[in-house]
Amino acid sequence: MRIYDRKDAEMKINELGQTDKAFFFIFSYDLNRAYIEETDCIDSNELMAAFPSFSNVPQGLTYRKDIPQFEFCKPDRDQYERSINLVKQNQCKGNSYLANLTCRVPIKTNLTMRDIFLRSQAKYRCWLKDKFVCFSPETFVKIEEGIISSYPMKGTIDASLPNAEQLLIDNVKETAEHATIVDLIRNDLSQVAERVTVKRYRYVEHLTTNRGEILQTSSEIAGRLTDYYRRHLGEMLLRLLPAGSITGAPKPKTIQIISEAEGYERGFYTGVMGYSQSGNMDTAVMIRFIDQENGKLFYKAGGGITAQSNNDDEYNEVIEKIYVPIY
């Protein structure tokens, strides 16, 4: 697949969005790299995707059916402590209210990234040969008949804990974090849409993993896309990206803070992948993500940090998110 820079990607999606052609796209976190291809032209030996509205996965593919073996080294606790504290120092100075801090964790598994793609159960899945596999539960934006909706996901807990759902709903830090991200996404959508409102707030979703079930809270925010942005889908996407749920608020300054705190390049992790046809679109934030570097696999995961965050809780939340949805 051809890789586009930011300017050419915007122009290409603007062009395709004004036709009836179906196409698939992937944006890196920094928006400087994008894959864009008409779905009829995608080689499934190079890229496979499975969305609610699109799949190019051929029937009858074979894959390893061994019991999954999945090993990882926990993130370095001292390094993560330093990263969290750097973020919180900036928050105490008023530079940020919410920051999504991530890390990269080496992993070992008896499965290939292709095996993981074919065996995992997730709302949005994507495999790019020798690059990455993503099995994301989080919708970024959907466009249906001119209505644009976003579904930020913030707040996670181990479902096996007693009264886990109530603990998650009552958690003061998680409540504040979710309110902040909903306000940010509502503001972002207001740049490209009219009459933006919160349709559902902090509803609980159940996610099954290879280590058991976790709970997460999401909200639904929607508005009517303006006529201009209905004709310029590429420009619309770049007005909204990177996603607020994986950056923070205020977005521009927080992006600078987390870049310093993380100390690595996210690449396509926390970018966006999507399918579009005839003006409608379905996109996902690229979380729950494994990529390959120099023959080694890395799982990338993170969570929201506020000035009130308990550092131990944040560290444990990252570990909870290191999973594959194979069960």
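**A chat about rings, helices and backbone**

Student: What does Arg-104 lie over, and at what distance from the ring centre?
Tutor: Arg-104 lies over the face of Phe-298, at 4.0 Å from the ring centre. A charge counts as sitting over a ring if NZ of Lys or CZ of Arg is within 6 Å of the ring centre and within 35 degrees of the ring normal.

Student: Before we go on, what kind of model is this?
Tutor: It is a predicted model, in which local features need pLDDT of at least 70 and side-chain atom pairs count only at pLDDT 80 or more, while totals for chains, interfaces and linings use all residues. Residues are numbered from 1 along each chain as its sequence is written, and side-chain values use heavy atoms, with hydrogens and water left out.

Student: OK, and which ring does Lys-65 lie over?
Tutor: Lys-65 lies over the face of Tyr-63, at 5.8 Å from the ring centre.

Student: What about rings with rings, how many aromatic pairs are there?
Tutor: The structure holds 15 aromatic pairs, where rings of Phe, Tyr and Trp (its six-membered ring) pair if their centres lie within 6.5 Å, and where planes under 30 degrees apart count as stacked, over 60 as edge-to-face and the rest as tilted. In the pair of Phe-25 and Phe-27, the ring centres are 6.1 Å apart and the planes stand at 70°, so this pair is edge-to-face.

Student: Are Phe-25 and Phe-27 buried or exposed?
Tutor: Phe-25 is buried, with a relative accessible area of 0%, and Phe-27 is buried as well, with a relative accessible area of 1%. Buried means under 20% relative accessible area, exposed means over 50%, and partly exposed lies in between (1.4 Å probe, protein chains only).

Student: Which residues form an aromatic cluster?
Tutor: Phe-24, Phe-51, Phe-54, Tyr-124 and Tyr-275 form one aromatic cluster.

Student: Let's switch to helices. How do α2 and α8 pack?
Tutor: Two packed helices are described by the angle between their axes and the distance between the axes. Helix α2 (residues 77-92) and helix α8 (residues 251-262) pack at an angle of about 155°, with their axes 9 Å apart, which makes α2 roughly antiparallel to α8. Axes are lines fitted to C-alpha atoms, for helices over the stretch in contact, and angles run from 0 to 180 degrees between N-to-C directions. Angles under 35 degrees count as roughly parallel, over 145 as roughly antiparallel, 65 to 115 as roughly perpendicular and the rest as oblique. Helices (H or I, at least four residues) and strands (E, at least two) are DSSP runs, numbered from the N terminus.

Student: And which residues make the contact?
Tutor: On α2 the contact is made by Ser-83, Leu-86, Val-87 and Asn-90, and on α8 by Ile-257, Glu-260 and Ala-261, with contact meaning heavy atoms within 4.5 Å.

Student: At what angle do α2 and α9 cross?
Tutor: The axes of α2 and helix α9 (residues 311-320) cross at roughly 120° and come within 10 Å, and that makes α2 oblique to α9. Residues in this contact include Tyr-80 and Ile-84 of α2 and Tyr-315 and Val-318 of α9.

Student: New topic: where is Trp-127, and is it buried or exposed?
Tutor: Trp-127 is in strand β8 (residues 124-128), and at 6% relative accessibility Trp-127 counts as buried. Leaving aside neighbours within four places in sequence, Trp-127 is in contact with residues including Met-48, Arg-114 and Phe-132. Trp-127 and Arg-114 are 13 residues apart in sequence and 6.5 Å apart in space, C-alpha to C-alpha.

Student: Is Glu-177 buried or exposed?
Tutor: Glu-177, which lies in helix α5 (residues 172-189), counts as buried at 1% relative accessibility. Leaving aside neighbours within four places in sequence, Glu-177 is in contact with Leu-98, Lys-154, Gly-304 and Thr-306.

Student: What is the phi of Asp-130, and of Arg-195?
Tutor: Asp-130 has a positive phi of about 60° although it is not a glycine, and Asp-130 counts as partly exposed at 48% relative accessibility. Arg-195 has a positive phi of about 55° although it is not a glycine, and Arg-195 is exposed, with a relative accessible area of 62%.
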